[in-house]
Structure formats: structure tokens, C-alpha cells
Amino acid sequence: MVKEYPDGPYAMIARQRLINARELQVQNTFPINQEKIQALIADYNALLNEVGRRPETVEVLQHMAGLYAFYLDDKSKAITLLQESIAMPRADPGMVAESKLTLGDIYLLKGEPWESTLLYSQVEKSHKETTLGHEAKLRNARLNYYKGDFELAQAHLDILKLATSREIANDAMELSLLITDNTGLDTSTVAMEEYAAIDLLIFQNKQQEALASLDNMLQEYPGHSLTDEIYFQKAKIYERIGDFTNAVESLQKITANPQYDILSDDALYRMAYILEENLGEKDKAQQLYNELLVKHQGSIYAADARKRFRKLRGDKLN
């Protein structure tokens, strides 16, 4: 469409969506390629220079800010871009609210949670009973979780379990279960508080510090109910930094222990995916996809695992 109608009414949005698609691909290919992040920013800048800074380009500013903050560690540049998008005359209120949520995330990166909760709460208030308002409440709940205020986090999450967006409701349910499973009446919350603080380190891209803290927890709390979560977090960090062998080893700790039934299908799927996509061990991956289909027929990963298994087996797929 961009090539066929370069001056058409939808050309700008089409170009933006093309860059968005590339951005998504780069963000989900580990380890993250910094040169590709820089190339995305250059493309967004070229688009802005061509069409100008106007209400329709607020989303472009948002995407650029996210890249600067989360991948290039330039939080000041990101904040400037988001403040510009929030102050943009005649900008769509929804886009302004999304910019506030991203700005709140960046203040959390900076270690200024009071600024984050202020922005999240503004969006909660201005977009009540909407998906954006629910997303703001979820971020406030997660912020309270990071701080170890599990009671207040649960109060938010109980409301969000009934959210109209299935994705938000599922995220709320997942975090709620994590808290309730590890802060029961007869369980000290100390370990959960340490784990939540490590979750914040991961959000802040402090991967090595998080890994060291997770290893300390394994030694400090042997056999704790959080053990499977700790190994899963370690695997995600190893995958993110491109250490796929250690990622698989961490996931094997979960699949080899029948006590870790809750995360076993997650671990099986992730291990198979890494073996297939990153380590090139197709036969092992095929075996694990099959194991997931046999042991966890109701898993949310079953449909994709079946598709990948059939492809590796050589079936002709429509």
C-alpha cells in the first residue's frame, strides 16, 4: 500500500504500522540487537521529519520513547518525547492517556514510583470503566506488588479479574494467584517480598543483579513454594540475554520435578521453543511439543505446540 499509494490518505499510518511490525519483531528476538533499535528510531524520526509533529503522530512519539527508555537507557530523551505527546494540542485523549502510562513506566525505571502512581491514577480517574482505565489499575496493582504491599495489590486485582479485556483479566488473575499461593495464613511474606523486589529489578533491566538475587533466594529458601517461579524467571532472563543453554537448564529444573505442576506446561513449551528456534535441536523440540500435548491437553500452548509439532514432523500444513 505504501509503494502503490505514497500520497494516499492512509500512507502515513501504513508506514507507521510497517515500522511497528518491525519493532515487535526486534523486541521478541533475543538477545536484543542495539543496531536494529537505532534503525527503528531513525525510521520513526524520518517519518516525523516528513509529516511533522501533529496529533496524528503522538503514537510515533510514544514508540520512540519506549525504545529510548527500555533499550538504549536514555530515560531523559524518553521523558521529553512523552511530555511533548501529552502536551500536543488536539491530541486524542486515549493517546494522551497511553503516553501517561508509558511515562509512569519510565519513572518506575528511574526508581521514582511516586511519580508513576500519580500518572497511573490520573488515567484510572480519566478513563474509568474502560480498557485504558483497567490497564492503569493493573499497573498500580503491580506497583504495589513490587513494594510488597500485597493487600492493596490484591484489592486492585480482585476488581480487575472481572475486567472486560480478557488479557487484563488474565494478567490480574496470574498476579493474584502468585501472591495468594505464596502469602498464605501460615506463610511468611518475607520471601515473597524479596521475589517481588527482584521482579522490579527485571522490569528495570537489571538482569545480572536479578540473576544473582534469584540464586540467593534458592539458597536462602530451599524447597519454598516460589522455587518453580524462581527457575522460570531465571530462564526468561537467560533467554533475554541470549544464554539459551542456561535457559533450557533452568526450565529442566521445573519439568523434572513433579511438584512444579503449575508451571510445567509453560516450561515445556518454552524449552521446546528455544530448542527449535535458538539452538536448532529440532528432534528434541519435537519430542517436547509431543510431551506437552500428551501431558497437558488443556494447556493454552496446546494449539501452537500441535502446529509446531506437525511442522517439525514434516506434515503439510494449510
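The model is predicted. Helices H10 and H11 cross at roughly 165°, whereas H5 and H7 cross at roughly 10°. The second largest pocket has a volume of about 290 Å³.

**Helices H10 and H11**
- H10 spans residues 190-203 and H11 spans residues 207-220; their axes come within 8 Å.
- Angles over 145 degrees count as roughly antiparallel, so H10 and H11 are roughly antiparallel to each other.
- The crossing of H10 past H11 is left-handed.
- H10 makes the contact through Ala 191, Glu 194, Tyr 195, Ile 198, Leu 201 and Ile 202.
- H11 contributes Gln 207, Glu 209, Ala 210, Ser 213, Leu 214, Met 217 and Glu 220.
- By class, this H10 and H11 contact has eight nonpolar, two polar and three charged residues.

**Helices H5 and H7**
- The axes of H5 (residues 93-109) and H7 (residues 131-146) come within 10 Å.
- Angles under 35 degrees count as roughly parallel, so H5 and H7 are roughly parallel to each other.
- On the H5 side, the contact residues are Gly 94, Ala 97, Glu 98, Leu 101, Thr 102, Asp 105 and Leu 108.
- They meet Leu 132, Glu 135, Ala 136, Arg 139, Leu 143 and Tyr 146 of H7.
- The contact of H5 with H7 has seven nonpolar, two polar and four charged residues.

**The second largest pocket**
- The volume of this pocket is about 290 Å³, and 15 residues line it.
- Closest to its centre are Gln 34, Phe 70, Tyr 71, Asn 205 and Arg 240.
- Helix H3 (residues 58-71) gives the largest share of the lining, three residues.
- The lining has eight nonpolar, four polar and three charged residues.

Note on methods. Residues are numbered from 1 along each chain as its sequence is written. This is a predicted model: local features need pLDDT of at least 70, side-chain atom pairs count only at pLDDT 80 or more; totals for chains, interfaces and linings use all residues. Side-chain values use heavy atoms; hydrogens and water are left out. Axes are lines fitted to C-alpha atoms, for helices over the stretch in contact, and angles run from 0 to 180 degrees between N-to-C directions. Helices (H or I, at least four residues) and strands (E, at least two) are DSSP runs, numbered from the N terminus. Angles under 35 degrees count as roughly parallel, over 145 as roughly antiparallel, 65 to 115 as roughly perpendicular and the rest as oblique. A crossing is left-handed if the near helix is turned anticlockwise from the far one by less than a right angle, and right-handed if clockwise. Contact means heavy atoms within 4.5 Å. Ala, Val, Leu, Ile, Met, Phe, Trp, Tyr, Cys and Pro count as nonpolar, Asp, Glu, Lys and Arg as charged, and the others, Gly among them, as polar. On a 1 Å grid over the protein atoms alone, a cavity is a set of points where a 1.4 Å probe fits but cannot get out, and a pocket is an open set with protein on both sides within 12 Å along at least five of seven lines; lining residues have an atom within 4 Å of a point. Grid points are joined across faces, edges and corners, and a volume is the space filled by probe spheres set on the points.
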